[in-house]
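Biologist: Before the discussion begins, please display the model, so that each term can be set against its criterion.

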Amino acid sequence: MDRRRHNTAMDIRIGQGYDVHAFGAGDHVMLGGVRVPHDLGVLAHSDGDVVLHALCDAMLGALALGDIGRHFPPSDAQWKDADSRAFVRHCETLLRERGWRLGNADITVVCERPKVGPHADAMRALIAQDLGVDIDAISVKATTSEALGFTGRGEGIAAQAICLLVRDEA
């Protein structure tokens, strides 16, 4: 007898994601689809948006579909300098095609600089728009690493995300 349980009756799924990019030459960083002024940029194949990359990994993880690199490989030239909002919209399509929708997402940016707080609501609005949810389903916040590690030394930026998927009854 097969004792494995099948999740066909589950009405929710949870996913988590994490992304990091080193700082490099530039005058801004993309965070949550928002161009945030900074004295550095990030080293990345796409636009290097750690907020959206972590969110995509969370959604893909909840769907058990691998990670963002599997869907948008950095070895593929078509993703060079790509707008990460396209990645989010792709993930939203995958959710919908499989009968899921985003219940909520909670995203934390880890860096000493730039300051994220003044841009958090704009990030929330763009993410909510791309996922077709109310803005109150999206949380974007920031913390420092108290001058510890690569983020504390100002060498890079990181983000982590967690999301809840719910069965789409539509």
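Biologist: Why is Cys-111 called buried?

Modeller: The model is a predicted one. Cys-111 has a relative accessible area of 3%, and buried means under 20%, so Cys-111 is buried.

Biologist: What makes Cys-91 count as buried or exposed?

Modeller: The relative accessibility of Cys-91 is 1%; the limit for buried is under 20%, and Cys-91 therefore counts as buried.

Biologist: How do you know how many disulfides there are?

Modeller: A disulfide requires two cysteine sulfur atoms within 2.5 Å, and by this rule the count is 0. For Cys-91, the nearest cysteine sulfur is that of Cys-56, 3.8 Å away, and Cys-91 is in no disulfide. Cys-111 is in no disulfide either: its nearest cysteine sulfur, again that of Cys-56, is 19 Å away.

Biologist: How do you know what span helix 4 should have?

Modeller: Helix 4 holds 12 residues, 120–131, and at 1.5 Å a residue should span 16 Å. The expected span takes one less than the number of residues. The end C-alpha atoms of helix 4 are 16 Å apart, which agrees.

Biologist: What makes strand 4 and strand 6 edge strands?

Modeller: The open sheet has 5 strands in the order 4-1-7-5-6, with mixed pairing. Strand 4 (41–42) and strand 6 each pair on one side only, and they are the edge strands. Helix 4 packs on this sheet, touching strand 5 and strand 6, and its direction makes about 145° with that of strand 6.

Biologist: Which residues of helix 4 are buried?

Modeller: Among them are Met-123, Leu-126, Ile-127 and Leu-131. The elements covering the buried residues of helix 4 include helix 1 (50–62) and helix 3 (85–97).

How values were computed
Residues are numbered from 1 along each chain as its sequence is written. This is a predicted model: local features need pLDDT of at least 70, side-chain atom pairs count only at pLDDT 80 or more; totals for chains, interfaces and linings use all residues. Side-chain values use heavy atoms; hydrogens and water are left out. Helices (H or I, at least four residues) and strands (E, at least two) are DSSP runs, numbered from the N terminus. Buried means under 20% relative accessible area, exposed over 50%, partly exposed in between (1.4 Å probe, protein chains only). Contact means heavy atoms within 4.5 Å. Two strands pair if DSSP finds at least two bridges between them. Axes are lines fitted to C-alpha atoms, for helices over the stretch in contact, and angles run from 0 to 180 degrees between N-to-C directions.
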